[in-house]
Amino acid sequence: MKAMILAAGRGERLRPITDRVPKALAPVGGEPMLAHQLRWLAAAGIRDVVINLHHLGEQIVEAVGDGDDFGLHVRYSREETLLETGGGIVNALPLLGDDPFILLNGDIYADFPFS
């Protein structure tokens, strides 16, 4: 199974932090939210993750790279203009394929058993 993390948005609810950092890299418990999410997915046996990018997206690429440090294979769906939730998912479908996938919002911390 694959997963997608929605990380393209500006993160208005998290301003002013997101004026300089993408919402998925906002610190939670001393490390970026995205690091927590990637570890949750890896622990659940997910190996392929797609992250959509727009606002300050290159910072996410620099932080995560190919995902190897998390035991994952991470690919990126770049949005030249912000496509919002539905558009971002549709844009990423070529990377996600036809099978069901897990979808996470890049700014939400949840204690959910992804396995």
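Modeller: Buried means under 20% relative accessible area, exposed over 50%, and partly exposed lies in between (1.4 Å probe, protein chains only). This is a predicted model: local features need pLDDT of at least 70, side-chain atom pairs count only at pLDDT 80 or more, and totals for chains, interfaces and linings use all residues. Residues are numbered from 1 along each chain as its sequence is written, and side-chain values use heavy atoms, with hydrogens and water left out.

Colleague: Is F114 buried or exposed?
Modeller: F114 counts as buried, because its relative accessibility is 17%.

Colleague: How many aromatic pairs are there in the whole structure?
Modeller: Three. Rings of Phe, Tyr and Trp (its six-membered ring) pair if their centres lie within 6.5 Å; planes under 30 degrees apart are stacked, over 60 edge-to-face, the rest tilted. W40 and F114 are a stacked pair, 6.2 Å centre to centre with 25° between the planes.

Colleague: Where do those two sit in the chain?
Modeller: W40 is in helix 1 (residues 33–43), and F114 is in the segment after strand 6 (101–105). They are 74 residues apart, so this pair links distant parts of the chain. Helices (H or I, at least four residues) and strands (E, at least two) are DSSP runs, numbered from the N terminus.

Colleague: Why is the pair of F112 and F114 called edge-to-face?
Modeller: Because their planes are at 65°, with the ring centres 5.2 Å apart. F112 itself is exposed, at 51% relative accessible area. W40, Y109, F112 and F114 form one aromatic cluster.

Colleague: New topic. What does H36 touch?
Modeller: V28, E31 and Y109, leaving out residues up to four places away in sequence. Contact means heavy atoms within 4.5 Å. H36 is in helix 1 and is buried, at 11% relative accessibility.

Colleague: And which residues of helix 2 are buried?
Modeller: In helix 2 (residues 57–64), G57, I60, V61 and V64 are buried. Down the helix axis they fall within an arc of 100°, so they line one face. That arc is taken from the directions from the axis to the C-beta atoms.

Colleague: What do they pack against?
Modeller: Helix 1, strand 4 (48–53) and strand 5 (73–78). Just after helix 2, G65 takes a positive phi of about 60°.
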